[in-house]
Protein chains: 2
Amino acid sequence: MRETARPARPKLAVMASSDAATGDDAPGADTYRNKPRRRGDELNDAIYAATLAELTESGYADLTMERVAARAKASKGSLYRRWPSRTELVVDAIRSRQPEHVVPDSGDLRADLLTLMGQVAASLEGPRGEAVRGLAVEVTRNPELLRTLRAEVMDSAVPPMLEVLRRGAVRGVVRPASLTPLVAQVGPGLIRQHFMAYGAPIATQFIADVVDQVVLPLVIAHVDGDAPIAKAGSAARP
Amino acid sequence: MRETARPARPKLAVMASSDAATGDDAPGADTYRNKPRRRGDELNDAIYAATLAELTESGYADLTMERVAARAKASKGSLYRRWPSRTELVVDAIRSRQPEHVVPDSGDLRADLLTLMGQVAASLEGPRGEAVRGLAVEVTRNPELLRTLRAEVMDSAVPPMLEVLRRGAVRGVVRPASLTPLVAQVGPGLIRQHFMAYGAPIATQFIADVVDQVVLPLVIAHVDGDAPIAKAGSAARP
DNA sequence: TAGATAGAGTACGACTAGTACTCAATTGGA
DNA sequence: TCCAATTGAGTACTAGTCGTACTCTATCTA
């Protein structure tokens, strides 16, 4: 985006007719501009709130800067002074309300996995999920966004997941070989797939199925040894 | 709709005043309209080809009906007579070039899984992947599309996957309990996640990791009930 | 061969993206 | 305390797309 800067041609006085409009409605004092104005964080928050509301109501595809501005009772200029485009605005709006993943530690692997997968599912419901859907399409135009999205959405569940698995490994119920980022992505990935394919909300039964049919069978320690498999060349068997 | 107005600079001269041009270059007969016209399938194919080319070149976000029409040397009217919107056009264009999943049957589970996951990865490269990305954003406005996308993209890999697993189960290397649609989605889901997060092409090493770290450990049969079996159904064969 | 169908080209109204400019209200520094 | 700089609100403008409609004509069909 934003390449041909096209340095302004010789512009002359363009605004001609605004005098008449402002002149006739208020003879003396308070026109529409006389209200106290929001600034800084207050205005920022109002814009974020409007953005998220638009996401929720209309979805990313129908979210326009004009409508966000109108809803926030701000001007387009104020939006463009802060964000170069819709994409960045939405990213920041989402980030401003980012739900933290809290690593559960109940001592019960299955319960912890259910909790964590539930958090992943919850994070996709509401405006955040809409944004994820919508921003996917922008990625082609904006490779930088791909990195952001990856960090914010895909990778954010990995450390908590690995921590849960690590604690399970310490207790001996998780096989250590499963402590890899890829394995940690399996559960969250299935949740996200399901969201993409079926939308929100994500049924708790589905979350339970993911845990019981996939994640647990994949990571659980087996009686005689570590990995359930001796694949090609790997397996330095202790 | 209103995915409008990209700051796109590739201006296509649509509204040229062609009267002058046609008026002076041809006094009597053949104007610009005199060329033979394509119809039916021939025109359809040209439009599909133009759509896929636009997808590949510019991505879904920058794909406009005007550009597709120009590229196909067709008129917007011809496009709108066939498809009510960009969404349907792209869906049909993708469908017209749908790669069939071929169920591999080498007798070697790991090899078959690698082949099948490779097919899933391949299907996301090129215009099809672009379309999947782009259509995700339309889903909110068009719930019908969600069902289509699910069938075309998500579910299409499940039957071949189940078939590969079923054959493995017959050979005794796959535990029968893993023959569920959810388990069958794990591998393809990870591939799609990776595509969404990293784009195309998808490294063969990643595909191998999915198979070796996730799919095989998940489905492989264990000695007694749940205990791991000694070997996978792969590497032992010459 | 005449009528029906459909493609090409064009025009148009409605809408949004961004930019730019005016004017007023805060803010912050001297 | 006062004034200059900053910034929000409102507006206008250009460029570009959407979707529809209308004309003209090539091709198909009865």
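**Exercise 1.** Determine which residues of helix 5 of chain B meet which residues in helix 7 of chain B, and classify them.

*Solution.* Thr87(B), Val90(B) and Ile94(B) in helix 5 of chain B meet Pro127(B), Arg128(B), Ala131(B), Gly134(B) and Leu135(B) in helix 7 of chain B; contact requires C-beta atoms, placed from the backbone, within 7 Å. Helices are DSSP runs (H or I, at least four residues), numbered from the N terminus. The residues of this contact divide into five nonpolar, two polar and one charged; Ala, Val, Leu, Ile, Met, Phe, Trp, Tyr, Cys and Pro count as nonpolar, Asp, Glu, Lys and Arg as charged, and the others, Gly among them, as polar.

The model is predicted, and local features need pLDDT of at least 70, side-chain atom pairs pLDDT 80 or more, while totals for chains, interfaces and linings use all residues. Residues are numbered from 1 along each chain as its sequence is written, with chains lettered from A in the order in which they are written.

**Exercise 2.** Describe the relative orientation of helix 5 of chain B and helix 7 of chain B.

*Solution.* Helix 5 (residues 86–96) and helix 7 (residues 127–136) of chain B pack at an angle of about 150 degrees, their axes 10 Å apart. The two helices are therefore roughly antiparallel (angles over 145 degrees).

Note on methods. Axes fitted to C-alpha atoms, helices over the stretch in contact; angles between N-to-C directions. Parallel < 35°, antiparallel > 145°, perpendicular 65-115°, else oblique. Contact = placed C-beta atoms within 7 Å.
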